[in-house]
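Please look at the sequence and the model first; the description follows them.

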Amino acid sequence: MRVDLHTHSDRSDGTDSPGELMHKAAAAGLDVIALTDHDAATGWDEAADAALDAGVRLVRGIEISTCFDGTSVHLLGYGLDPEEPVLRAELSAVLRGRFERLPRMVEALQSMGIDITVADVEERSDNAAATGRPHVADVLVDKGVVATRDEAFERYLMPGRPAHFQRYAVELFYAVELVVNAGGVAVLAHPWAGGSRHVLTPDVIGRLASAGLTGVEVDHNGHDDAARDRLRAIARAHDLVVTGSSDYHGQGKVGFDLGCNTTEPREYEKLFAR
Ligand code: AMP
Ligand code: ZN
Ligand code: FE
Ligand code: FE
């Protein structure tokens with residue numbers, strides 16, 4: 001059984017529709033696939049229909065934008081009810097923060113002489129509930145300002161670059177509580193990829209486990225072998241489930257193919273036995 005527990009559709013910053021994604025998952029030999037768009041569950045229904053058709057099992061998930069110690073941290077929630085009122089209000093606040101950030105990013109780029117409008121980005125992210133920096137990057141690629149999404153982040157969109165602005169995110173421990181209260185299980189996404197590595201110390205991961213965290217995404221392309229070994233040991237010490245996943249974004253991220261990392265069937269069963 002091949003299980004991939006972290007993927008994105010065009011409901012956030014992936015490039016496949018939820019339906020296309022389910023068919024590609026089947027073609028990639030996956031048995032179980034989680035759809036985990038950023039801060040939104042708007043792809044679940046289309047994915048569920050297509051999953052039946054394609055013969056894959058869908059896990060309904062969301063990758064929630066959270067913050068800890070001033071740093072962005074991603075939290076995966078599975079099997080949660082996105083209509084649970086408190087969770088729903090927090091996700092709305094995150095999506096609102098994304099919309100309010102967009103004109104500021106666009107103005108910053110315009111002030112550098114780049115020809116880009118909010119409408120350009122909205123058109124590029126037509127199907128998305130969660131509009132993000134990757135959509136701005138795609139417009140910059142379309143216009144020939146940069147060659148790739150990566151280059152757009154490197155030059156303009158990363159923290160410290162001129163078109164980067166903070167947006168609202170849910171406090172990490174509170175987000176874990178919200179996922180659990182909404183009937184779901186919480187898994188820390190790629191904890192040691194990028195900036196979150198510095199704030200998600202072994203001690204903090206232990207405290208999250210005590211606060212209701214169920215698992216840690218260990219096998220992820222953002223982690224080298226040493227990070228994976230160390231995270232696996234930390235997970236074991238706190239009886240946390242170990243997951244692995246692609247973080248597939250379609251054409252939006254090169255080298256993150258469906259099934260490039262997978263979750264052991266035993267760990268997958270443990271995740272949902274709780
Ligand atoms: P946002 O949610 O709008 O703040 O954008 C964050 C998303 O951008 C992440 O979830 C990644 O999928 C993507 N991302 C972050 N850094 C890069 C990069 N260097 N190149 C391409 N995509 C990136
Ligand atoms: Zn993403
Ligand atoms: Fe992420
Ligand atoms: Fe992701």
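Asn261 is placed in the loop between strand 8 and helix 10; helices (H or I, at least four residues) and strands (E, at least two) are DSSP runs numbered from the N terminus. With a relative accessible area of 7%, Asn261 is buried. Here buried means under 20% relative accessible area, exposed means over 50%, and partly exposed lies in between, with a 1.4 Å probe and protein chains only.

The side chain of Asn261 makes a polar contact of 3.0 Å with the side chain of Asn221. A polar atom of the Asn261 side chain also lies 3.2 Å from the backbone oxygen of Ser245. A polar contact is a pair of N or O atoms within 3.5 Å; within protein, one must be able to donate a hydrogen and the other to accept it, and residues adjacent in sequence count only if both atoms are side-chain atoms.

## Basis of the model

This is a predicted model, in which local features need pLDDT of at least 70 and side-chain atom pairs count only at pLDDT 80 or more, while totals for chains, interfaces and linings use all residues. Residues are numbered from 1 along each chain as its sequence is written, chains are lettered from A and ligands numbered from 1 in the order in which they are written, and side-chain values use heavy atoms, with hydrogens and water left out.

## The zinc ion

The zinc ion (ligand 2) is coordinated at 2.0 to 2.5 Å by Asp13 (OD), Asp13 (OD), His38 (NE2) and His249 (NE2). Donors are N, O and S atoms within 2.8 Å of the metal (3.2 Å for Na, K and Ca); water is not among the atoms, so sites may look incomplete. Along the chain, the spacing of the zinc donors is D-x24-H-x210-H.

His38 in strand 2 (residues 32-38) and His249 in the loop between strand 8 (241-244) and helix 10 (265-273) link distant parts of the chain, being 211 residues apart. Both of these residues, His38 and His249, are buried.

The iron ion (ligand 4) is 4.3 Å from the zinc ion (ligand 2). His6 lies in the loop between strand 1 (3-4) and helix 1 (18-27), and Glu63 in strand 3 (residues 57-68), so the pair ties together parts that are 57 residues apart in sequence. His6 counts as buried at 0% relative accessibility, and Glu63 is buried at 1%.

## The iron ion, ligand 3

Glu63 (OE), His74 (ND1) and His190 (NE2) coordinate the iron ion (ligand 3) at 2.0 to 2.2 Å. The donor residues are spaced E-x10-H-x115-H in sequence, and 5.6 Å separate this ion from the zinc ion (ligand 2). Glu63 in strand 3 and His190 in the loop between strand 6 (185-188) and helix 8 (202-210) link parts of the chain 127 residues apart. His190 counts as buried at 12% relative accessibility.

Gly195 is also placed in the loop between strand 6 and helix 8. At 43% relative accessibility, Gly195 counts as partly exposed. Gly195 and Ser72 are 123 residues apart in sequence, and 7.4 Å apart in space from C-alpha to C-alpha.

## The surroundings of ligand 1

There are 13 residues around ligand 1, of which Arg98, Arg101, Arg133, Asp150 and Arg167 come nearest; a residue is near a molecule if one of its heavy atoms lies within 4 Å of it. An oxygen atom of ligand 1 is 2.9 Å from a side-chain N or O atom of Arg98. A polar side-chain atom of His38 lies 3.1 Å from an oxygen atom of ligand 1.
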